[in-house]
Amino acid sequence: MQRHAAITPALGAALAALLLLSGCAGAAGAAPGGAAPTAAAEAAASVTVEEAWVKAADDGMTALFGNVVNGGAADVTLVGASTDAAETAELHETVESDGTMQMRQKEGGFELPAGEAFALEPGANHVMLMGLTGPAQAGDEVTVTLEFSDGSTLDVTAPVKDYAGANEQYDDGHEAH
Ligand SMILES: [Cu+2]
C-alpha cells in the first residue's frame with residue numbers, strides 16, 4: 001500500500017494541468033468516430049470515456065461516473081481501477097437487496113461489448129473511490145486509471161461536480177454520500 005499525501009486544491013490544479021499536458025501529447029490516436037481497427041490490439045486503445053465526472057466529497061468515498069464507449073471491433077473487459085486521489089478504487093454494481101439499493105464489487109469486472117456504450121451512473125454501475133486522500137471539491141479534477149483484462153490501461157481525467165441523490169448503501173453498511 002502506498003501512502004499518498006493529501007492534495008490541496010492548488011496542488012491538485014497544478015497536477016491536473018500537468019496531466020492535461022501529458023494527456024494531450026499521448027492522445028494523438030484518439031479520433032472520435034474514426035474507427036481504427038488496427039489499434040484494437042490493446043483494449044484501452046478502443047475505449048473512451050465520455051462525460052466523465054466525479055461526485056464531490058470531503059472525505060471517505062466517492063465515485064467516478066461517465067459513459068464508457070468501446071469503439072473497437074472486439075469486446076473488452078474492464079477489470080480494475082486506481083487513482084492517486086484515493087487509497088483504493090473498485091468496480092461496483094448496485095443491486096436491490098431487502099428493498100434497499102446496495103452496492104458491491106462487480107465480480108469479473110465490467111464487460112464492454114464492441115461498439116457499445118456502458119453507462120456508469122449514480123444508483124447503478126460506477127467506479128468507487130474509497131479512502132480519499134483529500135477533499136474532492138467541485139472544480140477539481142481527478143484522474144482515474146482504468147485497467148483492462150489484457151493489462152492495458154486508460155487514464156481518465158474527470159471534473160469533480162456537486163451531486164445530491166442516489167445515496168447507495170455500501171454492503172458493509174457504510175453510506176456513500
Ligand atoms: Cu460503490
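The copper ion is coordinated by His92 (ND1), Met103 (SD), His126 (NE2) and Met128 (SD), at 2.0 to 2.2 Å, where donors are N, O and S atoms within 2.8 Å of the metal (3.2 Å for Na, K and Ca), and sites may look incomplete since water is not among the atoms. This is a predicted model, in which local features need pLDDT of at least 70 and side-chain atom pairs count only at pLDDT 80 or more, while totals for chains, interfaces and linings use all residues. Residues are numbered from 1 along each chain as its sequence is written, and side-chain values use heavy atoms, with hydrogens and water left out.

The four donor atoms subtend angles of 94 to 121° around the copper ion, which makes the arrangement tetrahedral, a label given to four donors if all angles lie between 85 and 135 degrees. Along the chain, the donors follow the spacing H-x10-M-x22-H-x1-M. His92 in strand β4 (residues 86-97) and His126 in strand β8 (residues 126-132) are 34 residues apart, so that the pair links distant parts of the chain; strands are DSSP runs (E, at least two residues), numbered from the N terminus. Both His92 and His126 are buried, meaning under 20% relative accessible area, whereas exposed is over 50% and partly exposed lies in between (1.4 Å probe, protein chains only).

A salt bridge is a side-chain nitrogen of Lys or Arg within 4 Å of a carboxyl oxygen of Asp or Glu, and by this rule the count comes to two.

| Salt bridge | Distance |
|---|---|
| Glu93 and Arg104 | 2.9 Å |
| Glu93 and Lys106 | 3.5 Å |

Lys106, in the loop between β5 and β6 (110-112), is 13 residues from Glu93. Glu93 is buried, with a relative accessible area of 14%, while Arg104 is partly exposed at 39% and Lys106 is partly exposed at 31%. Glu93, Arg104 and Lys106 are linked in a network of salt bridges.

The largest nonpolar core has 33 residues, of which Leu112, Val127, Leu129, Val144, Leu146 and Phe148 touch the most other members. Leaving aside residues up to four places away in sequence, Val144 touches several residues, including Leu64, Ala81, Val127, Leu129, Leu154 and Val156.

Conventions: Tetrahedral: all angles 85-135°; square planar, octahedral: opposite > 155°, others 65-115°. Helix = DSSP H or I, 4+ residues; strand = E, 2+ residues; numbered from the N terminus. Core = buried A, V, L, I, M, F, W, Y, C linked by side-chain atoms within 4.5 Å. Contact = heavy atoms within 4.5 Å.
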